Amino acid sequence: MNQPAAGGNQTDLDTTDPRVARREKMRQIEAMGIDPFGQRFDDRTMIKTCRQRAGEVQWKQADGTLLELPDFESEETEYRQWKADNGPGEEIGPTVRVAGRIMLSRPAGKLIFLNLKDWTGEIQIFIGKKQVGEDDFALAKLFDLGDLVAVEGRLGRTNTGELTVFAEQLFFHTKMLEPAPDKHAGLTNPDLKQRMRYADLAFNEGPLETFMARTKIIKSIRNTLDSHDFCEVEGPTLHTVAGGAAAKPFNTHHNALDMPLTLRIALELHLKRLMVGGMERVYEIGRVYRNEGLSPRHNPEFTMLELYQAYGDYRSMMDITEQMICDAIDAIGGGYQREFAGKTVDFTPPFERATYADLFQKATGVDPADDAAVLELAKKIGLDTEGKHLDVVRNEIFEEKVEDSLEGPIFVIDYPASICPLTKRKRDNPEIAERFELFICGMELANAYTELNDPDLQQKLFETQLEGQDEEDSMAKMDHDFIRALRHAMPPAGGLGVGIDRLVMILTGQKSIRDVILFPVLRPE
């Protein structure tokens with residue numbers, strides 16, 4: 001045992017309140033001279049590494065011959081019989097030091113079997129009274145599900161061939177004072193899982209793997225962009241003017257300066273200022289905040305990637321979007337055929353590309369250039385057209401009748417220019433904006449433009465967009481400093497925004513955005 005034991009006998013515990021029982025066990029651990037909240041533990045072996053070292057477990061025959069063991073966990077072979085067939089000898093294996101949470105405990109007289117889990121995997125622990133001694137075995141009898149413990153021992157296999165750490169010394173690290181969730185029922189209420197994310201990660205199968213995949217996806221995106229010489233920056237989260245998107249911001253107030261501020265709704269305008277300053281390839285992965293509703297695809301606080309590439313255009317952005325997604329899939333594994341929303345999505349590049357107008361006509365049977373037919377269709381499907389620009393009506397029809405049919409991945413390109421105020425127009429057709437949106441299973445995942453860098457046109461479009469806007473809307477105020485920045489010459493560029501949470505949803509097959517955000521916004525308990 002790693003700490004000296006105190007005298008006295010362990011008392012039997014008989015209480016209906018598991019919290020009381022756990023605290024009593026904690027007091028008994030303290031009485032043994034052991035800190036129930038642990039100490040430093042060096043030279044630790046991750047459980048994934050233990051499994052990778054399974055080949056180091058060998059059978060040493062009486063004459064010293066070393067035999068490699070079969071993979072008993074994938075073959076229906078009894079280890080006991082295999083040992084008998086290979087004559088007298090002993091199993092040898094490396095000494096490892098593992099630490100983690102107790103997920104399962106199976107006492108059997110003078111033996112205790114534990115399942116121990118760290119963030120890389122789970123492994124069986126064998127604790128024998130003869131092997132660890134009286135004091136450590138007494139400590140082991142005070143273990144509860146959920147406790148954090150550590151073991152030093154030999155890596156080997158049980159008679160059934162299961163990879164196991166045979167404990168020689170025990171260490172106690174933290175007593176869990178709350179009862180563990182039921183092994184079978186578990187923590188199943190979605191609201192409770194999100195509110196108690198710590199318990200969801202610790203005890204439920206899947207969430208930890210999902211969030212580890214999220215980390216790999218974001219790391220992969222950074223690696224992809226770094227390989228293209230992009231520079232990562234951090235923009236301000238408090239803005240004097242909310243810009244870069246049409247959304248309702250969260251408003252706050254700075255007391256020292258006695259001025260109103262808003263939490264950012266987009267990353268765009270400050271990144272473009274940096275391009276003016278000479279940072280030609282720039283990106284940020286950061287939180288943005290929109291004071292809007294909750295849904296399986298929306299959270300008021302979410303993570304965006306925005307990037308800008310000088311001397312590129314929206315076609316450059318399609319190429320890099322495709323590469324980022326494919327690289328992310330390679331990073332988490334599982335192949336390009338992935339399940340999402342009950343469908344199989346094929347991410348094998350190249351992704352499909354189709355124009356807004358062609359998809360509109362295919363889904364509705366109406367030529368989007370036929371104004372009268374568009375208005376008639378809008379009224380037929382119950383859309384309010386009063387006082388709306390015809391392109392806004394077209395887009396509402398597109399959202400209603402087209403987007404849900406886009407299984408993708410598909411780049412929808414060439415949107416009506418009037419609904420894209422930050423986008424450069426096509427030279428041969430100024431009614432069309434060089435813009436794409438990437439859709440997968442009816443959900444928008446990315447949005448990109450050939451960026452507008454004409455300051456006079458940008459100001460004119462802002463002024464047009466301000467007309468009739470609600471005072472609370474982000475577009476109700478003009479960012480005059482951004483216009484001034486454009487007058488200092490921003491290079492022609494491609495720009496891209498990707499919803500990181502939605503990307504993680506799709507690549508990990510989750511149904512709700514709340515299942516890929518560690519701490520989503522929730523109603524008060």
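Author: Let's start with Glu178, which is partly exposed in this predicted model, its relative accessible area being 43%. Its salt-bridge partner is Arg19, with 3.0 Å between the closest N and O atoms. Look at where the two come from: Glu178 is in the loop between strand E8 (163-174) and helix H5 (190-195), while Arg19 belongs to helix H1 (residues 18-31), so this pair ties together parts that are 159 residues apart in sequence. Arg19 is partly exposed too, at 38% relative accessible area.

Stay on helix H1 for the next pair. Arg27 and Glu24 make a salt bridge there, at 3.2 Å from N to O. The two residues are 3 apart in the helix, so about one helical turn separates them. Arg27 has a relative accessible area of 45%, which makes it partly exposed, and Glu24 gets the partly exposed label with 24%. Buried would mean under 20%.

Now over to Arg53 and Glu56, whose side chains form a salt bridge with an N to O distance of 2.9 Å. Arg53 is partly exposed at 23% relative accessibility, and Glu56 is partly exposed with 38%. Elsewhere, salt bridges with shared partners link up into one network made of Arg22, Lys25, Asp144, Asp147 and Lys175.

Taking a nitrogen-to-oxygen cut-off of 4 Å, the count here is 31 salt bridges.

How values were computed:
Residues numbered from 1 in each chain as written. Predicted model: local features only at pLDDT ≥ 70, side-chain atom pairs only at ≥ 80, totals over all residues. Heavy atoms only, no water. Helix = DSSP H or I, 4+ residues; strand = E, 2+ residues; numbered from the N terminus. Buried < 20%, exposed > 50% of the residue type's maximum accessible area, 1.4 Å probe, protein only.
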